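Please read it next to the sequence and the model.

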Amino acid sequence: MDILKKKIGIVGGGQLGKMMILEAKRLGFYVAVLDPAADCPSQSICDKLIVSPLDDPSGYIELSKHTDVITYEWELINADALENLEKEGQTVYPSVRSLRKIQNKYIQNSEMQSNNIPVPRFALVSTTEEIREYGKSTNFGYPLMLKTTTGGYDGKGVAPIKTEADIESAFNELGSGVKELMVEEFVGFQKEISVIASRGITGEMVVYPVAENTHTNTILDTTVVPADISDEISNKAAEIANRVMSVFEGVGTFCTEMFLTADGNIFVNEVAPRPHNSGHYTIEGCFANQFENHIRAIVGLPFGDTSLISPTVMVNLIGQSDGTARLLGLEESYKDPNVHVHVYGKSESKTGRKMGHFTVTGNTADDAVKRADKLKQVLRFIGE
């Protein structure tokens, strides 16, 4: 089959799906999308939109009728529905086997731990007493992180336990044991970093430069590339991301989020089996961006160059109020010729919702950071 004749299906029509489509369309691919919202960001550029809840198997069946290969922009989807399609011969990348391992954080960590990939120490718990016993039995003690094993994202499904006195409230906050829970060692990190990597159908891999990330209210705020770390640490992080891709046998673009400690140790925080918010810098910052290499991977094309063109800063545009979305400061921001604004096309602004992002390129990372910091005060989404 002619590669360009392949029809691509994407589960999820948010901003990540939209950016996948933009790259797929450059080569003329047909793209169908499954999303619960008729006005999702992808609706304006996909060839077919199937409006259906992401937990409803019928939507997946309909998507399969129109596609040769299915991928996804989010991991909190119906793996059973995708597995049934795989059994019937549908190609799904990343595979459902990869997806299932990553959907459950306990299984994800266990898989990495058994393959000598560094992760924080962790254990399953189901009662406050088990949490208390874990805190007493370890040599590192408190603080601890309590997490739901499934369903968490952007800081949701996580509750810190600073001291033993916090156990009850953290347990109640996460559903009082209704959901499966795990407790995890708190890593006193110096920096949060991430590595985007892409893996092809036959196992070939490419890795992007290490990104340094800053979060505000548990949501990614700023990504700076190159990260302010030594070459030794950078190589170590890239090697870990390479191993993660091999362990999970990923096909497509993955992100490995990591903690870097003051003494130079790296621990994997979590893995996303898809392009990632912290990889948006690649659109202007690299020769072939994370979305292009994701599309190349799932259809079987060789990868593009992941080298950095210039230092780049990415800043998320987060909704500052609720209502009909309005972007302020675009004309002012575009007075800087090296600013690129990406608007996702969400009609409603919500406080804390990712509405878009912008990148700033510069001769140095410090130069780009200074200009980006000024624009944070100018460029913003509000609701009216």
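Helices, of at least four residues, and strands, of at least two, are DSSP runs numbered from the N terminus. With that numbering, helix 5, strand 9 and strand 15 (266–272) each supply at least two residues of the lining of the second largest cavity. The model is predicted.

**Cavities**

- The structure holds two cavities of 30 Å³ or more.
- At least two residues of the lining of the largest cavity come from each of strand 10 (189–199), strand 12 (211–216) and strand 14 (252–261).
- By class, the lining of the largest cavity has three nonpolar, four polar and two charged residues.
- For the second largest cavity, the space is also about 40 Å³.
- Lys105, Gln108, Asn109, Lys147, Met182, Glu184, Asn269 and Glu270 line the second largest cavity.
- Helix 5 gives the most to this lining, with three residues.
- The lining of the second largest cavity divides into one nonpolar, three polar and four charged residues.

**Second largest pocket**

- The volume of the second largest pocket is about 160 Å³.
- Its lining consists of Asp221, Val315, Asn316, Leu317, Ile318, Gln320, Phe358, Lys376, Leu379, Arg380 and Phe381.
- Strand 16 (312–318) and strand 21 (380–383) each supply at least two of the lining residues of the second largest pocket, and the largest share, four residues, comes from strand 16.
- Six residues of the lining of the second largest pocket are nonpolar, two polar and three charged.

**Helix packing**

- Helix 4 (residues 96–103) packs on helix 5 (residues 105–114) at an angle of about 105 degrees, and the two axes lie 5 Å apart.
- Helix 4 is therefore roughly perpendicular to helix 5, because angles of 65 to 115 degrees count as roughly perpendicular.
- On the helix 4 side, Lys101, Ile102 and Gln103 meet Lys105, Ile107, Gln108 and Glu111 of helix 5.
- The contact of helix 4 with helix 5 has two nonpolar, two polar and three charged residues.

**Salt bridges**

- The count of salt bridges comes to 22.
- Glu185 and Arg121 form a salt bridge through their side chains, at 2.9 Å from N to O.
- This pair links distant parts of the chain, 64 residues apart: Glu185 lies in strand 9 (residues 181–185), and Arg121 in the loop between helix 5 and strand 6 (122–125).

Notes
Residues are numbered from 1 along each chain as its sequence is written. This is a predicted model: local features need pLDDT of at least 70, side-chain atom pairs count only at pLDDT 80 or more; totals for chains, interfaces and linings use all residues. Side-chain values use heavy atoms; hydrogens and water are left out. On a 1 Å grid over the protein atoms alone, a cavity is a set of points where a 1.4 Å probe fits but cannot get out, and a pocket is an open set with protein on both sides within 12 Å along at least five of seven lines; lining residues have an atom within 4 Å of a point. Grid points are joined across faces, edges and corners, and a volume is the space filled by probe spheres set on the points. Ala, Val, Leu, Ile, Met, Phe, Trp, Tyr, Cys and Pro count as nonpolar, Asp, Glu, Lys and Arg as charged, and the others, Gly among them, as polar. Axes are lines fitted to C-alpha atoms, for helices over the stretch in contact, and angles run from 0 to 180 degrees between N-to-C directions. Angles under 35 degrees count as roughly parallel, over 145 as roughly antiparallel, 65 to 115 as roughly perpendicular and the rest as oblique. Contact means heavy atoms within 4.5 Å. A salt bridge is a side-chain nitrogen of Lys or Arg within 4 Å of a carboxyl oxygen of Asp or Glu.
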